[in-house]
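This note concerns the contact between two chains. Please read the points below alongside the model.

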Amino acid sequence: MHIPDGFIDGPTSLAAGVVAVGGVAVALRKAADDDLESRAAMTGLVAAFVFAVQMLNFPVAGGTSGHLMGGLFAAVLVGPWLGSLAITVVLVVQCLLFADGGISALGLNIVNMAFVPTFVAYGIFLLARKAAPATRVGLLSATAAAALASVVLAALAFVAEFALGGTTTVSLSTLSAAMIGVHVLIGIGEAVITTLTVGAVLATRPDLVYGAGQLELNEIPVLT
Amino acid sequence: MRQARRCRSSTRRWRSPAWWPSCWRSCSPPEAVWAFGIHAALVGLAAGLVRIPARVLARRMLVETPFVLFAVALPFIGMGPRTEVLGLSLSEQGLWAAWAIIAKATLGVAASVLLAWSVPTAEILVGLERLRCPRVLVAIAGFMIRYLDVVAGELHRLQIARISRGDDPRRLWQARATAATAGAMFVRAFERGERVQQAMAARGFTGSFPCTAPRDPGTGVVRAVVSPASLIAVAAVAVAVTANLVVP
């Protein structure tokens, strides 16, 4: 869910905007080492994929369905720098072309949905991958843990922003309890979907999984 | 016909991305109800000028629904002194907060819908470039928008193929085939990106994007009405009045 205009006050939105600009600048510089300009087309296609996959509904239970949010997914597949840029572009386009998320809240949305999953949760992914055995199962377990964390951390980031610049007087403990409770459930869904999808890519083109890193490709069974 | 064309060109001028900071409205204090009235009148004027059908506007504004629901709950769960409305005991602060969220979010969403409706996507990208957005980021956005229909169409076909093979998942743990669809889609999108890249290199792409922004931003009377300056002015006066800096 994208924060609309006026939900969080001006100064907090502005501060988040500054953080967003700084983060994008860092990601651009890091990605430039990988020759970003000539990979712009590929990054744009990854952004289009993230946008499209958010329209793909996965079943949850009892007739309800959810969709992949894809922040951690993008980071695991194309790395945190290109991943964060792709998600940022998705959020900007959703804001400007689909009125999804306010223009003044763009910084908040970028911090919550682009940076938290691709930087913070990707860090958790790297730690978990180090702790887990260097196999396909280890990689997928790390993906699952980080995907769950990405959703819960994004919810916590929202609660922190609400605490700083919320326009109302709801008690923070009530709000954070409700947000964490709901987002642990959403996070479990995100973890299952992300893991299954990364597994599917791993089965066909394991070389495309950036997060697989030094994982020996011959350890991965090739499905035919 | 000619008149229609003239109207189009005059609206095109104020379609400048310069009025994007319409989000300034989010800085008007909620107690200044009249300020929101002026903001709403300006947005309404803009809606009339770009001739957006009311039904399209309403449908596209549905994205704010979850936050409206949250706002509606606020007077009931808010703290502080309570007041009686239609026999219900409601939080005063909660009522103000709900009003602020609904008013600001609605105006913001309406302005964004009008922007997307009235400005061709290519011009939005040019506007981003003029706002000093890094050129490579604008290029990524351009590729994304150009290939969105291709990717979404491909995903749709994959979905139809999967469902026509009898896949009908009801529970999360039955989502493997749907995930395989998403995974296959990622591989296809990535490989398409690589092909586009190679095609660009084959046609002499040197690794830097040309500047596409025109030099003359253009001017117009209508543009001034809905420009950020007028919105900022309303917000500033509203802040001043509520802070008792100016006696109304």
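1. The model is predicted, so local features need pLDDT of at least 70 and side-chain atom pairs pLDDT 80 or more, whereas totals for chains, interfaces and linings use all residues. Residues are numbered from 1 along each chain as written, chains are lettered from A in the order written, and side-chain values use heavy atoms, without hydrogens and water.

2. In total, 67 residues of chain B are in contact with 67 residues of chain A (heavy atoms within 4.5 Å). The area buried between the chains is about 5900 Å², 80% of it from carbon and sulfur atoms; buried area is the accessible area (1.4 Å probe) that two parts lose on being put together, summed over both. B:Met144, B:Leu172 and B:Phe186 supply 13% of what chain B buries against chain A, more than any other three residues.

3. The rule finds one salt bridge across the interface (a side-chain nitrogen of Lys or Arg within 4 Å of a carboxyl oxygen of Asp or Glu). A:Arg205 forms a salt bridge with B:Glu191, with the closest N and O atoms 2.4 Å apart.

4. On the side of chain B that touches chain A, α8(B) gives the most, with 18 residues (helices are DSSP runs of H or I, at least four residues, numbered from the N terminus). That side divides into 46 nonpolar, 13 polar and eight charged residues (Ala, Val, Leu, Ile, Met, Phe, Trp, Tyr, Cys and Pro count as nonpolar, Asp, Glu, Lys and Arg as charged, the others as polar).

5. Helix α4 (residues 80-98) of chain A and helix α5 (residues 92-118) of chain B have axes that come within 6 Å and cross at roughly 85° (lines fitted to C-alpha atoms over the stretch in contact, with angles from 0 to 180 degrees between N-to-C directions). α4(A) is therefore roughly perpendicular to α5(B) (65 to 115 degrees).

Key:
Helix = DSSP H or I, 4+ residues; strand = E, 2+ residues; numbered from the N terminus. Parallel < 35°, antiparallel > 145°, perpendicular 65-115°, else oblique.
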